[in-house]
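I am opening a notebook page on this chain.

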Amino acid sequence: MLLTSACTVANSDAAGDAGSADGSTLRVVLTQEPPTLEPCESSTTATGVVVRSNITEPLIERDPTSGKLEPLLSTGWRQTKPTTWTFDIRTGVTFQNGQPFTAKDAAFSIDRAVNSNLACNVDGYVFGDEKLDVRAVSPTRLTVTTKKADPILPLRISFIEIVPRTTDTKAKVRIPIGTGPYAVKKWQTGVSISLARNPKYWGKAPAYPRATYVWRSDASVRAAMINKGEADITTSLDPMDATKDNSVAYPNNETTALRLDGREAPLDDIRVRKAIGMAIDRDGIIDALLAGKAKPAAQLVPPGVVGHNDDLAPPSYDVAKARALVKQAKADGVPVNRRITLVARNGQFAGIAETAEALQYEMARIGLNVRIRMADTATSLQYQLRPLPRDVGPIAMLVQHGNQAGDAAFTTSQYLLSNGPQSTFGTKELDRRIAAANALSGKARAKAFADLLAYQNKTVAQFAYLAHMRGLLGLSPSVRYRPNSATGDEMRLAEASPVKAGKH
């Protein structure tokens with residue numbers, strides 16, 4: 001069984017169906033239990049890593065390596081009017097409950113995720129709360145109309161997971177139904193999630209009949225489970241526990257940064273925010289805590305994404321200059337001694353607790369009063385997403401943002417807009433620049449986003465950037481799986497297969 005040996009933890013007695021060592025069950029270990037399996041929340045990492053392309057599927061998927069959009073539940077799409085896109089719907093597909101999939105289900109799914117009052121993450125993250133006119137003009141054809149021309153609407157649509165039109169519209173679901181290669185068999189809260197191969201799946205059947213997820217917050221425990229043959233895949237290994245036999249490194253498109261709440265003193269003073277950026281020893285943290293498997297960041301948008309600014313460089317590590325800025329702010333009456341809470345999510349990446357401690361130390365060196373609050377996924381999301389908590393004082397949130405969509409719009413709409421779902425503040429001018437960039441395409445679009453990222457750093461400075469990350473996936477020698485830049489957000493179990501004897 002999965003939960004035996006020294007890795008056994010509380011509740012293991014209840015996890016009898018959590019996995020098997022006979023090769024029929026793919027055993028996956030996560031850092032945290034998903035807060036929900038609601039498909040319209042699958043643009044969040046903790047949910048998407050289980051749900052996306054496993055239980056549910058979108059109309060279109062983006063190849064994480066090439067960036068090319070590829071057909072899935074839609075076989076083709078085209079812009080039929082300046083503000084309208086038409087999508088052809090795949091035939092011969094059924095949901096896991098036996099219900100046929102048609103354009104009505106696609107229209108329903110988009111309406112439910114974007115036009116409803118469910119407050120889905122995909123609504124704010126991908127569509128910026130814009131409402132869509134969605135119509136099933138026939139069983140095999142769908143039209144989506146926006147108020148303004150949207151050159152990347154198909155890319156946005158790729159974030160919406162399709163569910164049957166019988167799905168609840170008043171509340172988010174616990175056990176989703178989709179068209180994917182696996183269906184949820186059981187979710188034992190606090191213990192495990194079990195999936196079973198979908199016999200009605202329209203595509204190629206996955207190699208493993210079953211899959212299970214368990215969660216362990218300790219990276220060393222996750223590594224030990226691979227080493228002892230108790231797990232097949234684990235997320236987010238600590239570099240100190242990784243070997244060539246139990247792990248594989250991959251570029252994950254994640255960027256870590258401190259999001260500084262500019263609404264609360266002393267973080268409402270740009271001198272203090274910029275001082276924090278100067279106080280971070282990025283190279284030191286990367287070498288000592290991230291095993292050198294990351295690169296210093298100067299923006300949230302990673303290389304390879306449309307809008308990345310190649311000319312931006314992190315501020316020089318200069319403690320003396322940073323301390324002088326804080327003293328200057330203090331002389332002008334800024335309460336720099338007010339306690340700042342640095343919030344970080346347990347298990348978000350290997351070494352996060354140590355990284356938070358290093359950042360606390362570096363901020364203290366320049367005269368700031370910082371305490372650390374390590375939080376579970378659900379609690380950290382309360383600090384990360386709007387509506388932001390009240391009466392909690394100044395917050396420095398250690399965030400990790402992955403732009404898997406390949407376009408800076410998905411970063412700026414979330415993190416830089418004044419009212420973005422994961423932004424604490426902004427400016428009217430920055431909002432204007434974001435809106436203008438969104439209306440462009442091609443090279444003009446890329447330049448406009450690159451320019452506004454530089455403008456944000458100079459005039460707003462909501463973020464003190466840390467690093468563009470690389471992931472470490474724990475992988476059993478008995479499993480063949482090749483991670484890519486999307487694996488942290490969307491681990492496609494159908495791409496995993498057993499290694500045949502003699503092929504290790």
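What distance separates the centres of domain 2 and domain 3? I get 31 Å, with the centres taken over C-alpha atoms.

I note that this is a predicted model: local features need pLDDT of at least 70, side-chain atom pairs count only at pLDDT 80 or more, and totals for chains, interfaces and linings use all residues. Residues are numbered from 1 along each chain as its sequence is written, and side-chain values use heavy atoms, without hydrogens and water.

**Domains.** I looked up the bounds, which come from an automatic or database domain assignment. Domain 1 is 56-162, domain 2 is 182-246 + 476-498, and domain 3 is 253-469.

**Interface of domains 2 and 3.** I find eight residues of domain 2 in contact (heavy atoms within 4.5 Å) with 11 residues of domain 3. The two domains bury about 690 Å² between them; this is the accessible area (1.4 Å probe) lost on being put together, summed over both. Carbon and sulfur atoms carry 53% of it. On the domain 2 side, Pro239, Ser485 and Asp489 supply 52% of the area buried against domain 3, more than any other three residues.

**Whole chain.** I read 13 helices and 19 strands, as DSSP runs (H or I, at least four residues; E, at least two). The C-alpha trace spans about 70 × 60 × 40 Å along its principal axes.
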